[in-house]
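The structure comes first, then the notes.

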Amino acid sequence: MTLEQLRIFVAVAERQHVTEAARALNLAQSAASHAIAALEARHDTKLFNRVGRRIELTEAGQVFLTEARAVLAHVEVAELALSEFGNLERGTLSIQASQTIAGYWLPRHIVAFRRAYPQIQVRLAIGNTAQVAAAVERGMAELGFVEGVVDGDHFDCTPVARDQLVVVVGQGHPWVGRAQLAPQDLLESEWVLREAGSGTRSAFEDALAHLGLDPGALHIQLELPSNEAVRAAVEAGLGATAISASVAAPSIEAELLQQVAFHLPEREFYVLRHRERYRSRAAETLLALVVRSPAAGGIG
């Protein structure tokens with residue numbers, strides 16, 4: 001039994017005329033007649049009595065008409081649901097992002113998306129870069145925003161923004177007032193860093209390696225799981241750290257932290273997607289909005 005057969009049956013039953021039903025459905029009369037005959041033959045049940053030149057429903061046909069109308073009504077609801085997803089009138093977009101991105105760059109883009117498409121629910125989870133990659137691989141998040149390239153055959157990794165890392169210290173640190181630091185000078189201080197696996201930590205260690213400095217030679221006193229915890233520890237006087245300029249900015253403005261004269265290269269933020277999974281209209285629309293945004297070039 002097909003939906004097309006049900007539509008033809010309902011049309012014939014409502015008009016009690018095969019030719020008129022076929023005309024309404026833009027079908028040949030023979031096609032409509034064949035559909036009715038196929039239903040009757042398959043179930044060995046007469047749906048219509050042919051009385052002279054007219055037809056009328058049998059008892060079985062009357063019962064079947066009620067059920068057929070119900071099925072077609074459910075189909076219309078299902079088609080409407082798909083249409084709403086396609087037109088961004090319904091749906092949920094699951095995102096996972098690393099802490100710096102989720103806390104300082106992504107919120108304004110989500111707000112703009114929600115204003116444009118209020119019917120789409122956005123679910124945002126936060127983790128470090130390794131956790132975000134795992135969520136995308138497992139299908140727990142359609143989009144992942146990370147602070148570095150993630151390798152893997154399953155992933156498409158596309159740059160969407162830039163960020164500046166800075167080295168900061170508390171106001172009592174010996175580096176305050178130094179005109180310039182050389183890479184070897186970094187070994188003089190204690191350090192407070194994000195945990196291994198975070199994008200900020202990886203970007204800092206990559207920068208040191210490119211400068212010829214072994215990241216393992218740093219005197220790391222604390223590894224903390226959030227930007228805010230790292231910032232607070234350095235504000236309290238424990239060593240130095242490398243964090244996003246956007247994370248450090250409020251504390252620098254409040255004179256709780258001091259940016260030191262050591263240049264680190266910009267890093268890029270990336271959106272991570274699974275190559276083999278369906279890409280929803282909602283996800284594509286959010287990414288298009290991010291690319292169009294005047295602030296897409298950076299968060300500093």
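Aspartate 156 is partly exposed at 23% relative accessibility, where buried means under 20% relative accessible area, exposed over 50% and partly exposed in between (1.4 Å probe, protein chains only). This is a predicted model, in which local features need pLDDT of at least 70 and side-chain atom pairs count only at pLDDT 80 or more, while totals for chains, interfaces and linings use all residues. Residues are numbered from 1 along each chain as its sequence is written, and side-chain values use heavy atoms, with hydrogens and water left out.

**Arginine 275 and aspartate 156**

- A salt bridge (a side-chain nitrogen of Lys or Arg within 4 Å of a carboxyl oxygen of Asp or Glu) joins arginine 275 to aspartate 156, at 2.8 Å from N to O.
- Arginine 275 sits in the loop between β11 (266-274) and α10 (281-292) and aspartate 156 in strand β6 (residues 155-170), so the pair ties together parts 119 residues apart in sequence; helices (H or I, at least four residues) and strands (E, at least two) are DSSP runs, numbered from the N terminus.
- Arginine 275 is partly exposed, with a relative accessible area of 48%.

- In total, the structure holds 16 salt bridges.

**Arginine 7 and glutamate 79**

- Arginine 7 and glutamate 79 form a salt bridge through their side chains, at 4.0 Å from N to O.
- Because arginine 7 lies in helix α1 (residues 3-15) and glutamate 79 in helix α4 (residues 59-86), this pair ties together parts that are 72 residues apart in sequence.
- Arginine 7 is partly exposed at 31% relative accessibility, and glutamate 79 is partly exposed at 47%.
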